[in-house]
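Please look over the chain below before reading on. The paragraphs that follow lead through it step by step.

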Amino acid sequence: MTTTLPDETMLLDDTARLRAAAEFVREHDSAALLPLLLPGLDGPDLPALAGHCRFAHAGLLLFPSDADGLRAQLAECGLAVDTPSHPSVVVRERLARRHRRDPAELDVRILRPLVPGCAGERRAVEVFALTVPPHSGLERIAAYERTRRHEAHLAFEIEHSDPLALRGLCAILVRHGARPDGGGYNPHEDGTVLYFTTPADPACGYRRLELYVRGDHRAALAAHLDHPDDHPDPHRPHRTAGQPAETLLRLLTGAWTTQALAAFARLRLPDAMDAVDTRTAHRPEDLARLTGTHPRGLATLLRYLAMLGAVSEDHEVGGFRLTELGALLHSDTPGSMRPLALMYGGPFYDSFGELDHAVRTGQPAFDRVFGENHFDCFARDPELAALFDRSMAASSRMFEPLPDHPVITAAARKPATEPATVVDVAGGNGELLGRILTAHPGLRGVLLERPHAVEAARRLLDAAGCGARCDYRPGDFADVPPGGDVYVLSRVLHDWDDDRCRDILRHCARAMPAHADLLVVERLLPADGSPSLATAWDLHMLCNVGGRERRSDHYARLLADAGLQLVGHSPLPLDAHVLHARRAAVPDPAARPS
């Protein structure tokens, strides 16, 4: 792939710049572009960024004399002349600050004519058009901006609008030398933009990078704008006195978000919207009839959900459409997160009301609210136990890379006459073991779980077609079966304190033959304090379970105490990691130092 940088003559020709941007978009993708923008970006950070960020467009600022002039430029470059446009709030304000002009004097529109990628990916050129009529006095701004290319950038759209994931991606960019360089929220398209400058003149010719995420993420935006900077941008907006109060107010209403999404799921609104037609905007009164809800109350909820990105509002017809994010709460969608919404908006929501008790005493608030620990509480209530198991399975996308882990693939290569066995300790409803056995028909499995969970796992694995290759062991951690080739502890250790973790790991170590491997799936607290889902789950474990999330070096010490050695760890989706451990070598007492 060849990257052609614009020469000085082309920089002064708006049509030539537009054509070059379109060609650039056609030729590049995220995995190739990110290392060009951030030299040195490699290791787990590169797939973390490329996996969450889709290269969406190249942006540039043009200066047509009027709307007809802009359409002519689009046509000459083979781009759609009827591409819709809307006001650009962020760029208009940046131009006004740079040139000390009243924003009302600047008519800046934004439009995104589509440009397919080399493999047909949906991409665009983002055109900011500042109308510069003849003799308007804006010609000097156009001349300056053409040469400086302040608004030229490459944009990456974040696939899922999770606030913690957004902050984590920002932290990776900063760690590799990107510098926060402004941003804003555009209410016209309900999207948040975070700009960065790259650390040096990159090979691709663009110095600015944009992260775009759907929805209103002003808390992340405030942190981005406040990021400490050794080289402050004089054009960057200063914080106003009202911004911290607004940010805090949004944070304080986070409980409303949880309950709005939970109500969306409980009322089965995603099912109703999808059952009718996902492409059509549905009026609240029609949906109210389908779901047995109050029309005005439902309209109020849907407007709030539109702000979250779970639905989108069509103002022309006065209706709402289900978005990709909202569809994750559909009850029948593969990988549905509806059980998580019901759990976090149900029993775990109730216990968070007593979080201060957990902070004061170190004891789970769940026990105080429900009178017993959550394992015993769920075991007594089959419906709640089933919901908990389904909520654990709802995060199963973190398991997707595990069947390809080198330990698993090596075990799968054993001869069919002596098939390897994977032992899933406290394997829940069998979701992870089912994925491994489905991917590797030559493997056998053993699932150890509580008696009520074993039956649910048996049904799931039978439905997946691999139940005949699996044995089921009702029991506790003391019952870890010996003789396996690979042992798996997935999201188990974070439920317990250090002493109990040592006991669990010792049970595994005693059962493991000398050649066996242990894979531990957990979220790891970042060593540098960067934003992470693990930090949020650490608070959840304190409040509801009594366990904790840990750093990798903490797990290494626990493993060593149990006679195991941490070999390494690698990232998984949803901020999870898989840690690989083996039995530690036992020193030969007959060996003497030379």
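Predicted model: local features only at pLDDT ≥ 70, side-chain atom pairs only at ≥ 80, totals over all residues.

For residues 1-11, how many contacts beyond four places in sequence does the model have? The model has 18 of them, and pLDDT stays under 50 over this stretch. Across the chain, the mean pLDDT is 86. A value of 70 or more is reached by 92% of the residues.

Start with two loops. Arg100 sits in the loop between helix 6 (89-99) and strand 3 (108-111). Its phi is near 50 degrees, which is positive, and Arg100 is not a glycine. Arg100 is exposed, with a relative accessible area of 77%. Now move to the loop between strand 5 (122-130) and helix 7 (139-148), where His135 is found. His135 is not a glycine, yet its phi is positive, at about 60 degrees. His135 is exposed, and its relative accessible area is 79%.

Helix 7 comes next. Ile141, Ala142, Glu145 and Arg146 are buried in this helix. Why do they lie on the same side of helix 7? Because they cover an arc of only 130 degrees around the axis. The face turned away from this buried side carries exposed residues, Arg140 and Arg148. Just after helix 7 comes Arg149, with a positive phi of about 55 degrees.

Helix 13 (residues 284-291) can be read in the same manner. Its buried residues are Pro284, Leu287, Ala288 and Thr291. They cover an arc of only 105 degrees around the axis, so they are on the same side of helix 13. On the other side, Arg289 and Leu290 are exposed.

Helix 21 spans residues 382-393, which makes 12 residues. From its first C-alpha to its last it reaches 16 Å, close to the 16 Å expected at 1.5 Å a residue. What caps its N-terminal end? Asp381 does: one of its side-chain oxygens lies 3.1 Å from the backbone nitrogen of Glu383. The buried residues of helix 21 are Leu384, Ala385, Leu387, Phe388, Asp389, Ser391 and Ala393.

Now turn to the cysteines. A disulfide is a covalent bond between the sulfur atoms of two cysteines. How many disulfides does the count come to? The count comes to zero, with a cut-off of 2.5 Å between the sulfur atoms. Cys170 is in no disulfide, and the nearest cysteine sulfur, that of Cys53, is 8.9 Å away. Cys170 is buried, with a relative accessible area of 12%. For Cys466, the closest cysteine sulfur is in Cys470. The two sulfurs are 7.3 Å apart, so they are too far for a bond. Cys466 counts as buried, at 2% relative accessibility.

His494 is in the loop between strand 15 (486-490) and helix 25 (498-511). Is His494 buried or exposed? Its relative accessibility is 8%, so it counts as buried. Leaving out residues up to four places away in sequence, His494 touches Glu522, Met541, Gly547, Arg548, Glu549, Arg550 and Tyr555.

The other histidine, His580, has its place in strand 18 (residues 576-583). His580 counts as buried too, at 13% relative accessibility. Beyond four places in sequence, its contacts include His405, Val407, Leu518 and Leu519. Gln565, Leu566, Val567 and Gly568 are also among its contacts. Asp517 is another. What joins the side chains of His580 and Asp517? A polar contact of 2.7 Å does. Met307, by contrast, is 41 Å from His580, C-alpha to C-alpha. In sequence, His580 and Met307 are 273 residues apart.

Conventions:
Residues numbered from 1 in each chain as written. Heavy atoms only, no water. pLDDT = per-residue confidence, 0-100. Contact = heavy atoms within 4.5 Å. Helix = DSSP H or I, 4+ residues; strand = E, 2+ residues; numbered from the N terminus. Buried < 20%, exposed > 50% of the residue type's maximum accessible area, 1.4 Å probe, protein only. Arc of directions from axis to C-beta. Expected span 1.5 Å × (residues − 1). Polar contact = N/O pair within 3.5 Å; in protein donor to acceptor, adjacent residues only side chain to side chain.
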